[in-house]
Amino acid sequence: MSSLNPDQATAARLAGLAQAPDAPRAWDPATGDGSLVEDPAVRAPLVLGNRSFNWVTETVCGYAEKGPGKWFWPTFFLTSQIAALMPLMILYLAITGVGVWGLNNQVDWAWDITNFVFWIGIGHAGTLISAILCLLKQKWRTSINRAAEAMTIFAVICAATFPGIHVGRIWMAWMLFPIPNANAIWPNFKSPLLWDVFAVSTYGTVSALFWFMGMVPDFATLRDRAAKRIMTGRQIGGTLPLIGKTADEVRAFAYGLASLGWRFSSRHWLNYEKAYLMLAGISTPLVLSVHSIVSFDFATSILPGWHTTIFPPYFVAGAIFGGFAMVLMLLIPSRELFPGMKDLITMRHLENMAKIILVTGYMVGFAYAMEFFVAWYSGNAYERDVFLFNRVLPPFLAVEGLDGQLKYAPYWWAYWAMIFCNVVSPQVFWFKACRQSIPVIFTVAFLVTIGMWFERFVIIVTSLHRAFLPGEWHMFYPSLVDILTFVGSCGTFLTLYLLFCRFLPQFAMSEIKNVMPQASPHYRPPASTGGAGPSGVHHAPNKEGV
Amino acid sequence: MSTIFPKWTNGLPTMIAGGTVGTLALVVGVVWYTFTPAYWAVGYMPKQPGGGFNHQIHAGKLGMDCRYCHTHVESSSEANIPSVKTCFGCHAEGKLQVYNDSDAHKGKTAFIREAYAEDQPIEWRRVHKVADYVRNFPHHAHVAAGVSCLSCHGNIARMPEVWQEESLSMGWCLDCHRNPEKNLVPKDQVTRLFDVEDLFKAENEAKRIDNGKKFYEERRLAAPENCGACHY
């Protein structure tokens, strides 16, 4: 390719005009790593370091071909050991019954559904980035969409497990679906639990299609590179045991299979763009519908604390909030661990996501406040009691009840943990220094993830654990199996993500190249004025550049 | 990149797509056809002691009423299997003319007299079974409502050895409970299988349903569809 279309940046570099690929770059107080441009007339660069097209291909393919480094396999070993807990716990559950969880007569949904909503919520960032930001032409999405989509798929896998295993008799889980059977038993079509099955399976299918289709051109690149290495005899990796083929032969075959005969023809690209736009259009309503329907599981019941019309928008905002936190938790370590990734995922990407967390955090905080307002304004004593005496009042603010006993909320710590993590902690993002500090962003993302788990726990358990009669009041305590199943699901998620990092293209190469200055028809190669950064992205902004 | 895939693989996507659709259709078809009681329960005909009670002779040729042996069918959930005494009532030594005519016949029924002499029951094998989470099928309620024996058991009077005629699946139960008029007959014909046999032929369905609707009104029936009607 480079012999036919001389890459200007490469040419400039070869001529000694541009800086070397991995020269250390100083932190600019004005623009951070170069992406935090404040001037509204200048578009911040989305790829730093005056990189060439070739560098993008080499870097992104390199992650999948050469592997990310020595840290990978030990980390993978660790996470896969944790992941193994999940099938073990599920097996134990299937053999023994749901009694191995901490459920009781009153709290018949607890960690299972909490984990389900937690994981399905995390998936939403992927769809938002790949669909809504695509339709809104937010170009910064290009370097984070692939990872976010992958994360979505893995989160949906973790999420979908829990409703399947919480049914008690797992071998009857097929009854989640409306399958004609000799018993003439159908799921209740009026129940949101069935809508949930459709919503989540549609979401999983569309997300997987979107993810896979986006990867097809990148698979083809990986295929062609492997095939070329086989022909030139410069293969990466030796002969694989058991198979007896070289790693590159396996790569050429596997990526070739996955690339579906992609030949980079214009017609392919035309169809690809159309299909991408259509899938983005299909996915956009899904961003809103899936978590709305998940919230119907609760909102359509008559249980105080669940029976709330604010739930659908509140859940969707929370899902995007938690999803972006998870994207940050995955991408920040990736940036550090994968060489060159800091040029693809810039500080601006992180700052943008921090801003989204701030906004959605406000939406979630507003929803928390509205729940209280409605509990008071509706005058519904049960609703009010659920909030005051099940969730909020800590023991040191206990109120004396009619029977003379002190009333306080036994789950107050969970509620306040949620408030601290979800409402208080994102407030630091009002400050530019915090928004642009990686440790702060990571800490907040971590807290938000914890807070979002607690949100679901608070909604589910505190509403359930006290029914209308005090005789039906029971606390929920998780069993070891509860805990290990959740830990195992985290391990599964991380293991799948690590496999993605190792074997699949982590970035949409063609899309990244599209937002680089070289892609602009008006692009002029940097003038040979000498000095640092002759492409002049941050010093002499090219307004026509992308 | 001909080095990776030979030319014949061009047809693979079509083959895979076709194969997937075909396999799916096959799996669905096989499950649809075989994973039902209609496949694995209908026709169940266990080997009965002594070669079995020949309904074709007793209920068919001799015209005995069902209730001669199944005495509690009108008063109990269970349509009881008669004790040896009931058999012995006819098959005692010297009681039937046919014994004097043919030794073969006498030999065939010897096990009844042996069981009677030893005061032991005959271990008849149960043919019609419902799952253990279902209440016993209330025969008395259905007989009182005017559901013919034939609706569930087929024409037993034509069976030399009894087999299971219907699937007894829940869907099959519900099919009747939702459209009970299909199986209602005049009350005096409930156990008269040959009298109603014609009515249950396909060409008489319209007539049967018309009658059934009338019976349903007259008898003030209400076939329940709630879970608790059949399950504990």
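**Exercise 1. Work out which secondary structure elements chain B contains, and in what order.**

Solution. Start with the counts. In this predicted model, chain B has 13 helices and zero strands. Next, read from the N terminus. The order is α-α-α-α-α-α-α-α-α-α-α-α-α.

**Exercise 2. Compare the radius of gyration of chain B with that of a compact globule of 232 residues.**

Solution. Take the reference value. For 232 residues, a compact globule would come out near 17 Å. Now take the chain. Chain B has 25 Å. Then look at the principal axes. The C-alpha trace of chain B spans about 95 × 50 × 40 Å along them.

**Exercise 3. Find what share of chain B is buried, and what share of its contacts with a separation of 6 or more joins residues 24 or more positions apart.**

Solution. Burial comes in at 18% of the 232 residues of chain B. The cut-off for a buried residue is 20 or more other C-beta atoms within 10 Å of its own. Turn to the contacts. Of those with a separation of 6 or more in chain B, 77% link residues 24 or more positions apart.

**Exercise 4. Describe the side of chain A that touches chain B.**

Solution. Count first. Twelve residues of chain A contact twelve residues of chain B. Locate them next. On the chain A side, the elements giving two or more residues are helix 7 (192–232) and helix 8 (247–258). Helix 7 of chain A gives the most, with five residues.

Notes: Residues numbered from 1 in each chain as written. Chains lettered and ligands numbered in written order. Predicted model: local features only at pLDDT ≥ 70, side-chain atom pairs only at ≥ 80, totals over all residues. Helix = DSSP H or I, 4+ residues; strand = E, 2+ residues; numbered from the N terminus. Rg over C-alpha atoms; globule rule 2.2 N^0.38 Å. Buried ≥ 20, exposed ≤ 12 C-beta atoms within 10 Å, placed from the backbone. Contact = placed C-beta atoms within 7 Å.
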